[in-house]
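Colleague: Please put the model up, and then we can go through it by question and answer.

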Amino acid sequence: MTDHDVIAVEDCRPKFLAKTTMARKAADAAISATKNELIMMGRKHGRLVVLVDPKHTTMDCAACGARTKHALPHSERTYTCTAPSTPGDEGRRTPRG
């Protein structure tokens, strides 16, 4: 927590993780408690904790916001941006999030 100024956490609501209502409620409670603890620790250490919308986080270019035209496989977390590059940019982008 003290090594970073800003911490981004996916604001996920995983409905697919549990099959029964009780298991889903337990998973929701655990994820909610973890997010709340991260936010409290961020406040304690004077850090900003941002909850990021999980939609398209691995498909959008972090620098220019361009979206990839194809779905990325789960093993791939970077892609080559197809948008025109900015000066000094090699074209390699990392996803937001």
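Colleague: What covers the buried residues of α1?
Modeller: This is a predicted model, in which local features need pLDDT of at least 70 and side-chain atom pairs count only at pLDDT 80 or more, while totals for chains, interfaces and linings use all residues. Residues are numbered from 1 along each chain as its sequence is written, and side-chain values use heavy atoms, with hydrogens and water left out. Buried means under 20% relative accessible area, exposed over 50%, and partly exposed in between (1.4 Å probe, protein chains only); in α1 this applies to Ala27, Lys35 and Gly42, which are buried. Taking contact as heavy atoms within 4.5 Å, the cover over the buried residues of α1 includes β1 and β2.

Colleague: Which residue forms a salt bridge with Lys35?
Modeller: A salt bridge is a side-chain nitrogen of Lys or Arg within 4 Å of a carboxyl oxygen of Asp or Glu, and a search of the whole structure finds one. Its closest N and O atoms are 2.6 Å apart, and the partner of Lys35 is Asp11.

Colleague: Where are Lys35 and Asp11 in the chain, and how many residues apart?
Modeller: Lys35 counts as buried at 14% relative accessibility, and Asp11 is buried at 15%. Lys35 is in helix α1 (residues 21-44) and Asp11 in the loop between β1 (6-10) and α1, so the pair links distant parts of the chain, 24 residues apart.

Colleague: Which residues make the nonpolar surface patch?
Modeller: Patches are made of residues with over 30% relative accessible area and no salt bridge; like charges are joined within 9 Å, nonpolar side chains (Val, Leu, Ile, Met, Phe, Trp, Tyr) within 5 Å. Val50, in strand β2 (residues 48-52), is partly exposed with a relative accessible area of 32%. Accessible areas come from the Shrake-Rupley method with a 1.4 Å probe, and for residues only the protein chains shown count as cover. The patch of about 240 Å² is made by Val6, Leu48 and Val50.

Colleague: In what order do the elements run from the N terminus on?
Modeller: The secondary structure comes to one helix and four strands. From the N terminus on, the order is β-α-β-β-β.

Technical notes:
Helices (H or I, at least four residues) and strands (E, at least two) are DSSP runs, numbered from the N terminus.
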